Amino acid sequence: MSLKDHYQVLQISPAASAEEIKKAFRALALRYHPDKNRDPAAAYRFAEIQDAWYVLRDKQRRSAYNYQRYLANPQTAVKVAAVSPEDVLRLSTALYNKALASDPFRTDMELRYFEIKGILSNHNLSVLTGAHNPELNASIIEQLKLAAAPLGLAAIVEIVTQLQKLDPLQQHQLDTFVREATWKHYWNRSKIWVALAVAVLFCVALLLINRY
């Protein structure tokens, strides 16, 4: 049985924000509600919309669904059972090129996370570490670091934990990558308060200038 595409049902991108999901649900629910639409197919369409809303409105349910969707989609699924280190490098390079060409504001970051995790499966890691090819491993680390850069801090830490297994000599670079991601995480959380503080100080300065 094929997995229903809830994003297609709500006519939104897999990268849609929670607010975009809510807006799409409300508009479609209003259009297809049986009390508003007497078309016999409207009731079925309305049930589909409700199912999609139930899954996508909840962060945990959406995350679990995204993973199922990733596994079920042959166009995006990563082939995790690599035979050689070169197979893993090809997957890494393909994702690296895809990341370079993508718009970070329109990218499904959960799908990006699952793709990286697929490349760094235990099977693939064993293939890479068993080959003892530090140069190839370093290339994969650099490519996956770039692909992972837009992800959240927790995802980056988890990915770096896997990357550390490939080459101990890359530890310093990986630590730096995590520090930069940590700084970015806390800056994004606090920048609005910094902006408000600057605005308040500016207003106070104007008042003092006008007074004197």
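## Before we start

This is a predicted model, in which local features need pLDDT of at least 70 and side-chain atom pairs count only at pLDDT 80 or more, while totals for chains, interfaces and linings use all residues. Residues are numbered from 1 along each chain as its sequence is written, and side-chain values use heavy atoms, with hydrogens and water left out.

Helices here are DSSP runs of H or I with at least four residues, numbered from the N terminus. Two packed helices are described by the angle between their axes and the distance between the axes. Each axis is a line fitted to C-alpha atoms over the stretch in contact, and angles run from 0 to 180 degrees between N-to-C directions.

## Helix α5 and its two partners

Let's begin with α5 (residues 85-101) and α8 (residues 134-148), whose axes come within 9 Å and cross at roughly 30°. The two are therefore roughly parallel to each other (angles under 35 degrees count as roughly parallel, and those over 145 as roughly antiparallel). Their crossing is left-handed, meaning that the near helix is turned anticlockwise from the far one by less than a right angle. On the α5 side, the residues in contact (heavy atoms within 4.5 Å) include V88, L89, L95 and Y96, and they meet residues of α8 including L136, I140 and L144. The residues of this contact between α5 and α8 divide into 12 nonpolar, four polar and one charged. Here Ala, Val, Leu, Ile, Met, Phe, Trp, Tyr, Cys and Pro count as nonpolar, Asp, Glu, Lys and Arg as charged, and the others, Gly among them, as polar.

Helix α5 also packs with α6, at an angle of about 160° and with the axes 10 Å apart. That makes α5 roughly antiparallel to α6, and this crossing is left-handed too. V88, L91, S92, L95, K98 and A99 of α5 make the contact with R112, E115, I116 and I119 of α6. By class, the contact of α5 with α6 has six nonpolar, one polar and three charged residues.

## Helices α2 and α3

Another pair is α2 (residues 18-32) and α3 (residues 42-56), with axes that come within 9 Å and cross at roughly 160°. That makes α2 roughly antiparallel to α3, and α2 passes α3 in a left-handed crossing. Among the residues that meet are I21, F25 and L28 in α2, and F46, I49 and W53 in α3. This contact of α2 with α3 has 10 nonpolar, one polar and two charged residues.

## The two pockets

On a 1 Å grid over the protein atoms alone, where a 1.4 Å probe fits, a pocket is an open set of points with protein on both sides within 12 Å along at least five of seven lines, and lining residues have an atom within 4 Å of a point. A volume is the space filled by probe spheres set on the points, which are joined across faces, edges and corners. The largest pocket has a volume of about 570 Å³. Of its 21 lining residues, K59, D108, M109, E110 and G152 lie nearest its centre. Helix α4 (59-72) gives the most to this lining, with five residues.

The second largest pocket holds about 350 Å³ of space. Its lining includes F105, M109, L153 and H185. Helix α10 provides the largest share of that lining, four residues. The lining of the second largest pocket divides into eight nonpolar, three polar and one charged.

Terms used: Angles under 35 degrees count as roughly parallel, over 145 as roughly antiparallel, 65 to 115 as roughly perpendicular and the rest as oblique.
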